Amino acid sequence: MSLYSPGNLDSNSSPGKRKMPSADLPNSKTEIQSHLLFEAAKIPMLIISPEDGSIVDANTAAISYYGYTYDQIRHLRVTDLNQLSEEATLAEMNRAAEQKRNHFFFVHKLASGELRDVEVHSGPLIANEKQYLYSVIHDVTDRRAAEEKLSELNRDFITLLDNTSDFIYFKDIDSRFRFCSQTLANITGHKNWQEMKGKHDLEVFPADTAAIYYEEERPVFEQGKALLNKVDPYYDESGKKCWVSTNKWPVLDDNNNVTGLFGISRDVTHIQETQKQLQIAASVFENVNEGLMITDAEGKIVQVNKAFCQLSGYQEDEVIGKTPSFLTSGHHDDVFFKDMWSSLLQQQCWKGNIWNRRKDGGLFASRTSINAVTDKQGKTINYVGAFTDITAQLKHFEEVEKMAYYDTLTGLPNRVLLNDRLGQSLRQADRNKQLVGVCFLDLDKFKPVNDTYGHKVGDLLLIEVAKRIQAALREGDTVARLGGDEFALVLSDLTDLSQLEEIVNRILICLKRPYELQRHRDIEISASIGVCVYPNHKASGEQLLKAADAAMYQAKKSGSNQYYLCTRY
């Protein structure tokens, strides 16, 4: 029986439909009006007994919302609907009292088992001289979800503002801050970003940077144009000038009117400094006097500078992607380059002199240093080679060396180089148990040729003699001019005296052949040779030469054009 005596639902009736009997209608006019309002309300409403919380009546909207029949819902208590615990319910009622609100937030369970967030407005009701509670139920599930979503977004946004390293800010149409990130607040001397609210750039930034920001924001506010990737200066907490990459967008209302500005600025000080350093490095790379080459880890050229192009004769586009082997001159053997790569792989550097070939075919010498460039893991990613042209220096050195070690007329080794090679041959003979022949050679009848034909012809004769002796020797043997018409020979790696005798006789024969010098034909000379054999003659190199010199005089006494073997040991 309804509080307003509406009668019972048909046993076959569905939720949301009530059958009103003719009996037990509300008595007073007020009760009839209340009943009509109760039934007509589109919002779920419940009448509850305050004594035990039982539901004594429900309107059609409540029956439809909860999904029960009228009889079913009247057999429930409000605690059957409210899924909060007694403690949670009491806590919610206390919160409502503290917040001075006359509604409560509960969780109600529908007949289907679905849980819904509801906002309940309750109040006292007098009917039939009895006191009840009426409850108006508002489903706020979707609203609470939206509020929770918004609250979550707000929390995330606040977290972003508090923790981002970027400068994030929103300004109103008057260019005053609505909010900003804590990073921006820090550089302006504010402990909390909320202290920035309502302030203008001129109030928080130095005048010079504030003026820059004002001018760049005018098109954003006045024309709605976005500002993108603008590099601006700013001063950090210590007063150091730094740089940011700035983007600013207009905020528009539904009518496309500008109502504010949203901006994000990211610190690019390190990038700016790095770019500056790279520009300096690039300038040095291009303008340094040394030729520079950069290759990848596989040795393929990725960059060269102007000095390298001038040194080699190649343009940059002619060498990119190639290996440096195109410079090979043939001056160095495979062992040289094997040692170079061994040093690069083991020590990550190499230094030395290299002869290379220019594009025009000419040779040039360079003092070269190659260094490996590695990543953080120690893996080689590039090689950098530096080339300094030392061709002139080397040629000068060769000339000085030639003057120090070679005879200027014949180009043969002089006494200094002879002593060095003789010493090497003696040490090698000791190791290999072999013989060394030391010979002292003097020309016969040279003075008459010099006196008859002149010194110029005499010099030509000495040059021709040097060539004939060289042609008669083996590879590894040495002939040196000691001065005038005196020569010395070092015959290495001999196994027996017959080899020595064969070489000496070959020299005597070739020198005896007539000479044709300028217009003079059939000039004849011969030679006398003194021979000393090591280790049969166990002595130093200097002593061996003296012994061979003495033997040469014995050969002359015996009639010239012959050799004399020193046998006195």
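Student: Let's start with the cysteines. How many disulfides are there?
Tutor: Keep in mind that we're looking at a predicted model. A disulfide is a covalent bond between the sulfur atoms of two cysteines. To be counted here, two cysteine sulfur atoms have to lie within 2.5 Å of each other. By that rule the number of disulfides is zero.

Student: Take Cys 510, then. Which cysteine has the sulfur nearest to that of Cys 510?
Tutor: Cys 510 is buried, since its relative accessibility is 8% and the cut-off for buried is under 20%. Cys 510 is in no disulfide, and the nearest cysteine sulfur is 13 Å away. That sulfur belongs to Cys 439.

Student: And Cys 349: buried, exposed or partly exposed?
Tutor: Buried means under 20% relative accessible area and exposed means over 50%, with partly exposed in between. Cys 349 has 28% relative accessibility, so it counts as partly exposed.

Student: Now the inside. Which residues have the most contacts in the largest nonpolar core?
Tutor: In soluble globular proteins, nonpolar side chains tend to be buried together. Here the largest nonpolar core has 35 residues. Strands E16 (435-444), E18 (486-494), E19 (515-517) and E21 (526-534) each give two or more residues to this core, as do helices H16 (446-453), H17 (455-472) and H18 (497-512). The residues with the most contacts inside it are Leu 441, Ile 469 and Ile 507.

Student: What does Ile 469 touch, beyond residues up to four places away in sequence?
Tutor: We can start with the other two residues named for their contacts inside the core, Leu 441 and Ile 507. Ile 469 touches both of them.

Student: How does H15 lie to H19?
Tutor: H15 and H19 (residues 541-557) pack at an angle of about 105 degrees, with axes 10 Å apart. Leu 418, Asn 419, Leu 422 and Leu 426 of H15 make the contact with Gly 541, Leu 544 and Leu 545 of H19. By class, that contact has five nonpolar, two polar and no charged residues. An angle from 65 to 115 degrees is the range to check, so H15 is roughly perpendicular to H19.

Student: Why does Leu 412 count as buried?
Tutor: Leu 412 sits in the loop between helix H14 (391-405) and helix H15 (415-432). Its contacts beyond four places in sequence include Ala 466, Gln 470, Val 479 and Phe 487. The cut-off for buried is under 20%, and Leu 412 counts as buried because its relative accessible area is 1%.

Student: Is Leu 81 buried or exposed?
Tutor: Leu 81 is found in helix H4 (residues 78-81). Leaving aside neighbours within four places in sequence, its contacts include Leu 46, Ile 55, Tyr 66 and Val 107. With 0% relative accessibility, Leu 81 is buried.

Student: Which peptide bond is cis, with omega near 10 degrees?
Tutor: Most residues other than glycine have a negative phi, and most peptide bonds are trans. The cis bond runs from Tyr 534 to Pro 535.

Student: What is the phi of Lys 433?
Tutor: Lys 433 is in the loop between H15 and E16. At 74% relative accessibility, Lys 433 counts as exposed. Although Lys 433 is not a glycine, its phi is positive, at about 60 degrees.

Methods: Residues numbered from 1 in each chain as written. Predicted model: local features only at pLDDT ≥ 70, side-chain atom pairs only at ≥ 80, totals over all residues. Heavy atoms only, no water. Core = buried A, V, L, I, M, F, W, Y, C linked by side-chain atoms within 4.5 Å. Buried < 20%, exposed > 50% of the residue type's maximum accessible area, 1.4 Å probe, protein only. Helix = DSSP H or I, 4+ residues; strand = E, 2+ residues; numbered from the N terminus. Contact = heavy atoms within 4.5 Å. Axes fitted to C-alpha atoms, helices over the stretch in contact; angles between N-to-C directions. Parallel < 35°, antiparallel > 145°, perpendicular 65-115°, else oblique. Nonpolar A, V, L, I, M, F, W, Y, C, P; charged D, E, K, R; others polar.
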